[in-house]
Protein chains: 2
Amino acid sequence: MAVEIKELTSRSENYSQWYNDLVIKADLAENSAVRGCMVIKPYGYAIWEKIQRQLDDMFKETGHVNAYFPLFIPKSFLSKEADHVEGFAKECAVVTHYRLKNDPNGRGVVVDPEARLEEELIVRPTSETIIWNTYKNWIQSYRDLPVLCNQWANVVRWEMRTRLFLRTSEFLWQEGHTAHATKEEAIEETERMLHVYAEFAEKYMAVPVLKGLKSANERFAGALETYCIEALMQDGKALQAGTSHFLGQNFAKAFDVQFLDKDGKRDYVWATSWGVSTRLMGALIMAHSDDNGLVLPPKLAPYQVVIVPIYKTDEQLAAIDEKVAGLTARLKAMGISFKYDNTTNKKPGWKFAEYELKGVPVRLAIGARDMENNTVEIARRDTLTKETISFDGIDNHIKSLLDDIQSNIFKKALDFRTSKTFSVDTYDEFKEKIEEGGFIMAHWDGTPETEEKIKEETKASIRCIPLEGNKTPGVCMVTGKPSAGRVVFARAY
Amino acid sequence: MAVEIKELTSRSENYSQWYNDLVIKADLAENSAVRGCMVIKPYGYAIWEKIQRQLDDMFKETGHVNAYFPLFIPKSFLSKEADHVEGFAKECAVVTHYRLKNDPNGRGVVVDPEARLEEELIVRPTSETIIWNTYKNWIQSYRDLPVLCNQWANVVRWEMRTRLFLRTSEFLWQEGHTAHATKEEAIEETERMLHVYAEFAEKYMAVPVLKGLKSANERFAGALETYCIEALMQDGKALQAGTSHFLGQNFAKAFDVQFLDKDGKRDYVWATSWGVSTRLMGALIMAHSDDNGLVLPPKLAPYQVVIVPIYKTDEQLAAIDEKVAGLTARLKAMGISFKYDNTTNKKPGWKFAEYELKGVPVRLAIGARDMENNTVEIARRDTLTKETISFDGIDNHIKSLLDDIQSNIFKKALDFRTSKTFSVDTYDEFKEKIEEGGFIMAHWDGTPETEEKIKEETKASIRCIPLEGNKTPGVCMVTGKPSAGRVVFARAY
């Protein structure tokens, strides 16, 4: 019986198709019957749960609590903050009716025309408005501040061109919404959460990120400042992986949220909001995976180790089962997750290909000769290398191997980014270089006009004005006007 | 300065008002600007997170995985399963448009009439239809079975009369949807999950529940059998706390989900679904709380212990801080959650009342005399008793006290239920007894007509046909026709 392999398009052949194939074939997600909405399949959702759990722990360590706010937003709320309504995309799901009825002309149901809402409700595309309308009742005095809430929720933005995880009409995310007594404290919070996101991306996703500020054009609608983390994908395109917004007093003013300070003076409350979404799944998949399938960082893999027995007789399998039971008990005690796949209806070759496709970091195979010699074959997914080693001490070997894989894939991604980061001084050079992909550090005069001209002519946008690194003044590559320091350009997802 | 107390209506005065006051004043939830949708506040959400975490662990232990399916359901899907469309409430939020636009006649936004959906989308009131439409692509052979998925999600049912947690237009829940090769296996799954729910209710919520079957009238639309757990509240009304449905092949047929069995024969797949929701919060609140506020079972309390220092000088506080630091380190190591409230802007009396209102199971108070004597005052929320004990060994004392509180509040609820469970043989007696509240065990002839007559005349419904206990045949209290055994009646939430 031939080994049945799920073929992937290769990255060099068609990167975009490779991504789509991978998401489907590794059982991460699929399109649903509802245009633009995805089904997140159990294997994909298990990764998302690990992301959630880790981020949630980090939010709580930094003093945040979870809460839940309504799915629906009254239409009029969206008009209250002028920049928000002006800048925010209008592609939203609108609820106009609240009842169906049996179709009088046949089977099935129709919308009951008599059950029309007085005011339409918008399925939340983001929750600043409904939350600040709530905070109005929570905040009277400086004693009520800060409010440090986060919510895990689904949101809907009616995207016309969707891609699994990267851009879907419904997606899952977390949105933090905080309220502060002072501007300084709010800015500190905005930056704190940016650093939490960056730490998560680098330490858990093994994805190096640039931290920076968005240009005015790219700011969140209603924000005074948007901070972001930007990652580089293997095709040389940038992906915005998280944003943290300093909202000033805009939403407090729009929803009249004032507080009495220690001196009895009234002032508007200062706000931040910050979020990451299932888009992180897209970044995770694209940053590390190869033509054989997913490559998952051990810290986010649904199971870190898969063990495959190779046997001819039931007796051989029983002996392997017994030997493996001892190992898995030790792995469990060490907090290492595993799957022992001793199912009988698939061949080892099929299993090897399947777990490679699914990006399981470490694979053990144990056959008859291993049983004789007290050895095991151990393979690592990131390098695709394998070796046969003694079964004794295998648990500690796995533990250090997982750490090694985690740091190796981060290093690989970092080396890739370094090799694809260029400094460029002329616009001609920029136009040439941008075709190769990567981050391009160039001088810009700080105006939206120049930014738009560059975007129009090269499809590259300013990903961020970096927070770190030395800022050497120079002249704009397009206009020759003064520039305070290089900013990061790239084509982006 | 007088101690500011948040007054609750007493249960005897107005039970319904007591519940509403409690939910608001204990900071559990509040109504939002969107009719019927609640805001779950951080303290309430922290309890929900504990419920979620525990149930999720129990689902995973029984072999289930999580996944995520779309928020929206195409209107036509609701018509595919005949009983489902017929029986399911039609009060649903309907999305008809996908874009807003700036109001040409002024500020603000209006719905763009050109962005009308071809087919309306329904915000999921439950997900059987969209999930079975998905399972169609997942299941071809017996090798693909069983599928054991759960989803944590928000759902919307447009309720006209809402009450926080008990009945809201949007609520949070989990819905398990499983697919099986045989009828027997599906029934086994349905019952397994009922037992998981019952175990959770009794061991974690400390709420005793009756396990039973719903009568045909009360079955989920599309189910062949609905199992439920029923709890009794302090006002003598029943509350349905969870349901588990055996769906037969109804949804498989509606969505054409067939599989090849081991013998190569095609058959429709067998289904179950099961769910509990934020309604459990209502049950938890109503089952144990008293006129002073919440009483929380230690296993679900956001923090199990609160420690309040009583001091006059900064030096005294510093000494208490130091002593408490040693204790909290030990509590943390023992997995006991706590809050040390040494904030200076509230008096101890205010704190005592506040934590009593919030149902913290154990309260410690440490004052100057305690510091001298190496003692501490320890108070338990369930009995409102307190004593002064030695500080030595306090950590182990707390641990056993928490266990004691957990079993005591369960026992109290069980004793209450026992005292409010009556066997009744005549309809006159039934009518009299039902006014007192409680579970009434009576004979019924098994017909929907008799059931409806009883409901109309007494407002009591059949809560369940109990799974446990001896079934002695008898005659229906209304019609005198034969009855296979007593069923459980009550007025219900």
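In chain B, five strands make an open sheet with mixed pairing, ordered β18-β17-β19-β20-β21. Strands β18 (338-340) and β21 (386-390) of chain B are the edges; each has a single partner strand, so one side of each lacks a neighbour in the sheet. From one strand to the next, the twist averages 25°. Axes here are lines fitted to C-alpha atoms (for helices, over the stretch in contact), and angles between N-to-C directions run from 0 to 180 degrees. Strands pair if DSSP finds at least two bridges between them. Helices (H or I, at least four residues) and strands (E, at least two) are DSSP runs, numbered from the N terminus.

The model is predicted: local features need pLDDT of at least 70, side-chain atom pairs count only at pLDDT 80 or more, and totals for chains, interfaces and linings use all residues. Residues are numbered from 1 along each chain as its sequence is written, while chains are lettered from A and ligands numbered from 1 in the order in which they are written.

**Chain A overall**

Chain A holds 13 helices and 27 strands. Its C-alpha atoms fill a box of roughly 80 × 70 × 55 Å along the principal axes. Of its 493 residues, 47% count as buried. A residue is buried if 20 or more other C-beta atoms, placed from the backbone, lie within 10 Å of its own; 12 or fewer make it exposed, and counts in between make it partly exposed. Take the contacts in chain A between residues at least 6 apart in sequence: 68% join residues at least 24 apart. Contact means C-beta atoms, placed from the backbone, within 7 Å.

**How the copies meet**

The contact draws 55 residues from chain B and 55 residues from chain A. The chain B side has 33 nonpolar, eleven polar and eleven charged residues. Here Ala, Val, Leu, Ile, Met, Phe, Trp, Tyr, Cys and Pro count as nonpolar, Asp, Glu, Lys and Arg as charged, and the others, Gly among them, as polar. Of the interface residues of chain B, 100% are also interface residues in chain A, so the copies meet through the same surface.

A sheet crosses between the chains. Its six strands are open and antiparallel, in the order β4(A)-β8(A)-β5(A)-β5(B)-β8(B)-β4(B). β4 (72-74) of chain A and β4 (72-74) of chain B stand at the edges with a single partner strand each, so one side of each has no neighbour in the sheet. Neighbouring strands of this sheet are turned by 45° against each other on average, direction ignored.

**Antiparallel strand pairs**

| Strands | Bridges | Residues standing opposite |
|---|---|---|
| β5 (94-97) of chain A and β5 (94-97) of chain B | three | A:Val94 and B:His97 |
| β5(A) and β8 (116-123) of chain A | three | A:Val94 and A:Ile122 |
| β19 (362-366) and β20 (375-380) of chain B | four | B:Ala365 and B:Glu377 |
| β20 (375-380) of chain A and β21(A) | five | A:Glu377 and A:Thr388 |

**Buried and open parts**

The largest nonpolar core has 295 residues, and A:Ala231 and B:Ala231 touch the most other members. Such a core is a set of buried Ala, Val, Leu, Ile, Met, Phe, Trp, Tyr and Cys residues joined through C-beta atoms within 7 Å. Beyond four places in sequence, the contacts of A:Ala231 include A:Ala201, A:Val207, A:Leu239 and A:Ala283.

Helix α9 (348-357) of chain A has A:Lys351, A:Glu354, A:Tyr355 and A:Glu356 buried. Their cover includes β17 (305-309) and β19 (362-366) of chain A. After α9(A) comes A:Gly359, with a positive phi near 75°.

Strand β21 (386-390) of chain A contrasts with this. Of its five residues, the number buried is zero, so it lies largely in the open. Five residues separate β20(A) and β21(A) in their hairpin, where A:Leu384 takes a positive phi near 60°.

B:Glu188 sits in helix α5 (183-203) of chain B. It counts as partly exposed, with 14 C-beta neighbours inside 10 Å. B:Glu188 and B:Phe246 lie 58 residues apart in sequence and 9.3 Å apart in space, C-alpha to C-alpha.

Conventions. Contact = placed C-beta atoms within 7 Å.
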